[in-house]
Amino acid sequence: MPASSHITRTGTYFETTYWPLTEGPTKAFKPGCEKKRQSCLIVILNMGGAVSAGEDNDELIDNLKEAQYIRTDLVEQAFRAIDRADYYLEEFKENAYKDLAWKHGNIHLSAPCIYSEVMEALDLQPGLSFLNLGSGTGYLSSMVGLILGPFGVNHGVELHSDVTEYAKQKLDVFIRTSDSFDKFDFCEPSFVTGNCLEIAPDCCQYDRVYCGAGVQKEHEEYMKNLLKVGGILVMPLEEKLTKITRTGPSAWETKKILAVSFAPLVQPCRSESGQPRLVQLRSAPVHSTTGRAQPAGSGPACYPWQHQEGYAPGSHQRRWTEEHTYV
């Protein structure tokens with residue numbers, strides 16, 4: 001069933017009721033919950049509050065598993081490996097383990113239950129290419145990178161330059177300090193600033209695409225054309241989190257996952273010349289496990305330094321800016 005149309009505003013929060021489209025109302029929440037509807041909080045039109053808050057990241061993930069938002073081992077491992085609180089500003093970290101979206105200025109994180117549904121719907125596998133439209137803090141892109149591994153592709157497009165810089169800072173801290181970095185073959189995200197509706201027409205297509213803003217019907221075809229055949233697109237389309245699989249050059253399968261309410265995509269602004277400000281997603285050289293270049297089109301290597309002299313596969317060598325320069 002779709003979300004209730006009853007929405008009330010309290011400060012910076014909105015209140016609504018909802019449950020997944022594919023389940024009855026009592027199945028959307030923890031086992032044993034007999035409520036037919038559960039009130040949840042959303043911040044700036046993004047939903048949450050479907051599971052109980054945790055005392056720490058692991059307890060939050062336990063709650064998401066119990067409520068069946070996290071259903072696969074790969075997704076669980078990625079969520080446990082990256083502490084959600086690390087992507088909050090220090091003064092707001094006390095709210096990091098609540099199932100609520102968070103927004104401060106241009107910085108925004110969706111609710112954990114939403115990210116869980118997105119990660120599960122994307123059906124991620126090692127070696128795939130991923131495009132995150134509205135990549136924000138980089139939290140989702142970093143979790144995805146843990147699954148894609150060293151031969152995946154991990155690109156993000158973010159509208160606001162200050163958020164792009166924030167994401168790069170958080171990524172740098174993760175690589176330098178997180179124990180999880182040493183336990184995974186990580187596909188490092190690459191973030192660029194621009195409007196995701198202005199991606200250069202010669203851009204390669206991707207195996208997996210996620211859009212973190214509400215997509216209007218008029219932009220549906222544009223989004224679908226970013227996919228390779230066999231690829232999966234997950235996006236909020238007309239107030240429903242939607243999974244679209246490209247089954248052929250002109251064939252698609254569509255599944256509605258969850259009733260949601262996202263802020264809409266920002267329409268592009270023309271430059272003074274009247275031309276669009278095209279977003280360029282530059283690919284890096286591709287390497288095989290032997291260090292020889294792979295054919296063009298296979299996707300970029302994730303570590304620019306990975307095939308330099310002295311790198312040992314499996315050693316998870318950390319990136320140090322005094323030793324390596326990366327773009």
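What share of the contacts in the protein with a separation of 6 or more comes from residues 24 or more positions apart? In this predicted model, such residues account for 60% of those contacts, a contact being heavy atoms within 4.5 Å. Local features need pLDDT of at least 70 and side-chain atom pairs count only at pLDDT 80 or more, while totals for chains, interfaces and linings use all residues. Residues are numbered from 1 along each chain as its sequence is written, and side-chain values use heavy atoms, with hydrogens and water left out.

**Overall make-up**
- The protein has six helices and 12 strands, taken as DSSP runs (helices H or I, at least four residues; strands E, at least two) and numbered from the N terminus.
- Of the 327 residues, 51% are buried, that is, under 20% relative accessible area with a 1.4 Å probe, protein chains only.

**The sheet**
- Seven strands form an open sheet with mixed pairing, in the order β8-β7-β6-β9-β10-β11-β12, where two strands pair if DSSP finds at least two bridges between them.
- Because β8 (190-193) and β12 (251-259) each have a single partner strand, one side of each is left without a neighbour in the sheet.
- Strands β9 (residues 206-211) and β10 (residues 227-237) run parallel and are joined by four bridges, with Val209 opposite Leu233 in β10.

**Helices**
- Helix α3 lies across β6 (129-133), β9, β10, β11 (240-248) and β12, running at about 160° to β10, the angle being taken between N-to-C directions on a scale from 0 to 180 degrees, with axes fitted to C-alpha atoms.
- In α2 (residues 73-81), the buried residues include Val75 and Phe79, and the buried residues of this helix pack against α1 (57-66), α3 (112-122), α4 (139-148) and α5 (161-177).

How values were computed:
Buried < 20%, exposed > 50% of the residue type's maximum accessible area, 1.4 Å probe, protein only.
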